[in-house]
Amino acid sequence: MNVNKLIRMANQIAANFEYGADQAKATASVADHLRRFWTPEMRAEIIEYVDGGGTGLNPIAALAVAKLAEETPRAFRAT
Amino acid sequence: MSTDFKPYQRADDFGTPVSASNREVKLTVDGEEVTVAEGTSVLRAAAVAGINIPKLCATDSLAAFGSCRLCLVEIEGAKGLPASCTTEVRDGMKVRTQSPRLADIRRNVMELYISDHPLDCLTCPTNGDCELQDMAGAVGLREVRYGYDGANHFDAEKDKSNPYFTFDPTKCIVCSRCVRACEDVQGTYALTIDGRGFASKVAASQDQPFLDSECVSCGACVQACPTATLTENTLIEKGTPEHYVITTCAYCGVGCSFRAEMKGQEVVKMMPNKDGHANHGHSCVKGRFAFGYATHKDRIKTPMIRETIHEPWCEVTWDEAFTFAARKLRGIQEKYGRDAIGGITSSRCTNEETYLVQKLVRAAFGNNNVDTCARVCHSPTGYGLKATLGESAGTQNFDSVMKADVIVVMGANPTDAHPVFASQMKRRLREGAKLIVIDPRAIDLVRSAHVEADYHLPLKPGTNVAIINAISHVVVAEGLEAKEFIEQRCDLDAYEDWRKFILDERNSPEAIEEETGVPAETVRAAARLYASVPNGAIYYGLGVSEHSQGSTTVMGIANLAMATGNLGREGVGVNPLRGQNNVQGSCDMGSFPHELPGYRHVSDPKVREMFDKEWGVEIGADPGLRIPNMFDAAVAGEFKGLYVQGEDVAQSDPDTQHVTHALSSLECMIVQDLFLNETAKFAHVFFPGSSFLEKNGTFTNAERRISPVRKVMEPLAGLEDWQATQGLANALGYPMNYSHPREIMDEIARLTPTFTGVSYAKLDELGSIQWPCNDKAQAGTPTMHVEEFVRGKGLFRVTPYVPTDERTSRKYPLLLTTGRILSQYNVGAQTRRTENLKWHDEDVLEIHPHDAEQRGIEAGDWVGLQSRAGETVLRAVITERVTPGVVYTTFHHPESGANVVTTDNSDWATNCPEYKVTAVQAHKVTKMSEWQRNFEEFTEEQIDLLRRARTGAEQTVD
């Protein structure tokens, strides 16, 4: 899938969760949203992108993707 | 004959409306004791007792008028002969409906009427179904002593301008029922009685032909007419129906109940059902008249297949089509993986059909790649209301509006998109309720006959969140919250967080004034009005949901309603006006890729276990692809097969060129539809669909009201839609063996806590049911969240305004917003195949005079409309309905290409497209856009491939 769209979507989600929340809470909310609404393949693609040094995510979105990466065994990330 | 079929007879008419009083009154009518509610007319009380007093100007959909003098009665102790329609019952009243004196008067009255009425009963369209004829019989009229040579109206000319009904003034008795229906029932005030005395006549607008007048062709006048003055053309052509079946309209989220009045398998009339709980006997031009598409010559009646989209279709049997489709889909899964296919359910189809498609995807395809067209309209409603109130649905029934003191209409245009509910709303506004309209356009409700908004907030497209936050800011900053309600009903920690957020100065009306374009004082005044009355009700539509912050606005609306205590009783609430007939139902039925029926997330193991056991499969715990994700994955080569039931994504979804690129990338697309729609032109398998007249099932309207859809004719292609889905499932090796949709509903009830009590037997008994319907609410739930919210405590959500990325620029200085009009419906596949084209035969671009002048554009010019996604060309209409800087169009005609211009921007939470905000430039042009030329070429090719398939089949038969 077009990773630029995934980045844009993740950034939008982060922008809507970060107001007034501390970093940990905002990160958890974004990660939860990605878990609940994105397919495993979409999550894997953005994790792979970040793992590969990709940029463009805003700080909260990046932290949320990192959080997903932590809980996703590498073996299951391949798309 | 099915038990759904009833012998034709005119619906019972009690003469005057039912009284809402709880106090009972006892009287006697012709010696019969009768008990009725206080405020009931004598005419109605007699009818309740089974005594039919002659009447002509009275009908129970209209307030008593007292003009015809036929319903006179004698009342013991009363002077004279009062009209029973305008006389209210009193305790102990003794009424006599028949006497020699009354008989003489009634006969004389009828004699006068008939002296100016053509005596062509035998060839009259309403012969045998005419109230005037009935009354002549009832009063025993045997002669007309005046003769027929005096002054009369026999030479008056018929008005046949309206495509659906004929106005024959020679038959008019000037009872004013049509005029009153136009005023009281529809609220349009297009008809009047012109002239005085003998010259009195019914006139449309300024005595214009009906088609040119303000008439919206709802047909209320035709329905109210007691003679053949206003008559449906189909009745004139076909004659009186012989049976009828109660069913539910397949247009819009109001979900009107109708009597399909039939002759054999042919519909003569669609008559609004007086017992219909959503419409109470009213309808609009679409529901009542625009049913001709169901038998249109473009209907495809044979399944078709082809290997590629550039070869002719091959007509096949249903079994061959199922086998071909199953082989293709399984082949794709073997080659690309189990997740490379998916399905799209339709808000135009029944609950049972939708349920079955999502079951097919989850059980037979083996993944969660199912989504519904609600993705592109009301998915933010599902998200936003679930997150705040705990249930993804509107909170009220339509009748609730009759108790509202302030009505807020935000991003909705009910007079065009939900006309029957709009009529009810206008009735309440005429009774004195206040109105706040939040919309970039001056929609009809802002100012129309006897309705004027107290405040219109003409915000810039894309600034909904800023406005709704500002209204809440005023409520909290000025101490207008419902503190007790909040303390008792809401999560207080979340409330405190929200309170702090909303009080931030950045949310004040003054701070957002420049961004929204709405004067701060107007916002403050509107907020004060909404918060100051006992009952404030909010109604919203796609102008709220179809934005990059659609879900946020929905949560903002819920916040505002909670903050003011406007939830949990009649007259208040948060009311999404659903676009299509079964948007609510398609969402309820588990069409979303992350939710099983009843809005339960697929990650919940207990929920999955129930379905696993019932379906005999193991459902995946992760969400599947949403529609825009499917298209992106198709373009990326990861998604190869799609089953689309009853949707036309190639026309309705945004960024058309991206969508058609995705559809062209598929190796197998199955389209199930009535017509070769835009999407079907990219398909490899075509399952001919069945119209709502050809199948059984249920629709769920915007009030959560489940209503029966009943088969009135055999499916033209041989199968009801659910049978086709079942055939595909069986061909895929997943057995489905339903013999009737009632069995599907039984399965839904077994698996869905909010549907536990729903069954076809109960629907037959009650007429309709609002879910939740279960042990706690056996007859359903008209008002939700009464004692507590579905989620327990109401949850205020912080709703920061995040401006959309879709901003104007030097290159694209205007904002395009799109919508719908009254006479057309969604992609127009149905309404374009009816006489509704008389009102709207092309989509046009509304542009403000200032913007038009700047560009040298004049009315009727072709205008190129360009965005970063694409360009199309539309004809200009110059109007002040749009504000400077905003242009508007509709998407009812495929060649208009409105969605060539809309972009892939979408709601952050749900991916609902941002149809309502596209930065564009407009300029005068002389020829079609490149997309339009390509579209025309591709359409010609596809029509030719369809024609060749048909020709081929005929040759085979020969």
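Predicted model: local features only at pLDDT ≥ 70, side-chain atom pairs only at ≥ 80, totals over all residues.
Now for chain B itself. Chain B splits into domain 1 (1–98), domain 2 (337–377 + 584–770), domain 3 (384–576) and domain 4 (814–936). Notice that domain 2 of chain B is written as two stretches, 337–377 and 584–770. How far apart are the centres of domain 2 and domain 3 of chain B? Taken over C-alpha atoms, the distance between them is 33 Å. Where these two domains touch, eight residues of domain 2 of chain B are in contact with eleven residues of domain 3 of chain B. The domain 2 side of that contact is made up of four nonpolar, two polar and two charged residues.

Next comes a helix of chain B, α17, which covers residues 520–532. Which residues of α17(B) are buried? They are B:V523, B:A526, B:A527, B:Y530 and B:A531. These residues cover an arc of only 125 degrees around the axis, which means that they sit on the same side of α17(B). The general rule behind such a pattern is that an α-helix has 3.6 residues a turn, so residues three or four places apart point the same way. As for what lies over the buried residues of α17(B), the cover includes the strands β17 (406–410), β18 (434–438), β21 (455–457) and β22 (536–540) of chain B, along with the helices α13 (464–477) and α16 (509–516) of chain B.

B:A47 belongs to helix α1 of chain B, which runs over residues 42–48. Is B:A47 buried or exposed? It has 25 other C-beta atoms within 10 Å, and 20 or more are needed to count as buried, so B:A47 is buried. Setting aside its neighbours within four places in sequence, B:A47 is in contact with B:F14, B:G15 and B:N52. B:I502, on the other hand, is 455 residues from B:A47 in sequence and 57 Å from it in space, C-alpha to C-alpha.

Methods. Residues numbered from 1 in each chain as written. Chains lettered and ligands numbered in written order. Helix = DSSP H or I, 4+ residues; strand = E, 2+ residues; numbered from the N terminus. Expected span 1.5 Å × (residues − 1). Buried ≥ 20, exposed ≤ 12 C-beta atoms within 10 Å, placed from the backbone. Arc of directions from axis to C-beta. Contact = placed C-beta atoms within 7 Å. Domains from an automatic or database assignment. Nonpolar A, V, L, I, M, F, W, Y, C, P; charged D, E, K, R; others polar.
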